[in-house]
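Please look at the chain below before reading on.

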Amino acid sequence: MPSKRVLFADDDVDFRGFMKEAIEEISVEIKTELVVTEAHDGTEAIQLYNEAIEKKEPFDIVITDYMMPGASGLQVIKNIMEKNPVPTIVISGYRESENVDFIKEIGRASCRERV
């Protein structure tokens, strides 16, 4: 069975547990082992991501919360874009207008990276 590494960052311990179980269930359905590494905030997510790059064992996908202590989801994504871009999913419990601002900032960061 093929294997993929997933970094999941969220400051809510109960939600992290729920999502880890959901990802493991999906793993069975898609016949791909999804190995989940949990980060309790954005700072830890950045640290774990960078360590994985240094060890030449990068994550295949990142799922990050929008608002976390330490470093925001935006900071996590900026780090990913600088080091080794991979598919990233952003989750949020915030209103749509705040999410639109976040998406605009990601777009600006992406454009700056290409220049």
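Contact here means that heavy atoms lie within 4.5 Å of each other. By that rule Val76 touches Gly42, Ala45, Ile46, Thr64 and Met68, when residues up to four places away in sequence are not counted. The model is a predicted one, in which local features need pLDDT of at least 70 and side-chain atom pairs count only at pLDDT 80 or more, while totals for chains, interfaces and linings use all residues. Residues are numbered from 1 along each chain as its sequence is written, and side-chain values use heavy atoms, with hydrogens and water left out.

**Overall fold**

- The chain has 4 helices and 4 strands, where helices (H or I, at least four residues) and strands (E, at least two) are DSSP runs numbered from the N terminus.
- Followed along the sequence, these elements give the pattern β-α-β-α-β-α-β-α.
- Of the contacts in the chain with a separation of 6 or more, 76% are between residues 24 or more positions apart.

**Surface and burial**

- The accessible surface of the chain is about 7,100 Å², and 54% of it belongs to carbon and sulfur atoms; such areas come from the Shrake-Rupley method with a 1.4 Å probe, and for residues only the protein chains shown count as cover.
- Buried residues make up 37% of the 115 residues in the chain, where buried means under 20% relative accessible area, exposed means over 50%, and partly exposed lies in between (1.4 Å probe, protein chains only).

**Nonpolar cores**

- A nonpolar core is a set of buried Ala, Val, Leu, Ile, Met, Phe, Trp, Tyr and Cys residues joined through side-chain atoms within 4.5 Å.
- The largest such core has 15 residues, and those with the most contacts inside it are Leu7, Ala39, Ala45, Tyr49, Val62, Val76 and Ile80.
- Strand S1 (3-9), helix H2 (42-54) and H3 are the elements that give two or more residues to this core, and its largest share, 5 residues, comes from H2.
- Apart from this core lies another, of 8 residues, among them Val6, Met19, Leu34 and Ile63.

**Helices H2 and H3**

- H2 and H3 pack at an angle of about 15°, with their axes 9 Å apart; axes are lines fitted to C-alpha atoms, for helices over the stretch in contact, and angles run from 0 to 180 degrees between N-to-C directions.
- The two helices, H2 and H3, are therefore roughly parallel to each other, since angles under 35 degrees count as roughly parallel, over 145 as roughly antiparallel, 65 to 115 as roughly perpendicular and the rest as oblique.
- On the H2 side the contact is made by Gly42, Ala45, Ile46, Tyr49 and Asn50, and on the H3 side by Gln75, Val76, Asn79, Ile80 and Lys83.
- Asn79 is found in helix H3 (residues 73-83), counts as buried because its relative accessibility is 9%, and touches Ile46, Tyr49 and Asn50, not counting residues up to four places away in sequence.

- Arg5, which is found in strand S1, is partly exposed, with a relative accessible area of 25%.
- Although Arg5 and Thr37 are 32 residues apart in sequence, they are 7.6 Å apart in space, C-alpha to C-alpha.
- Thr32 is found in the loop between helix H1 (13-30) and strand S2 (33-39), and it is buried, with a relative accessible area of 13%.
- Not counting residues up to four places away in sequence, Thr32 touches Met1, Pro2, Ser3, Lys4 and Ser27.
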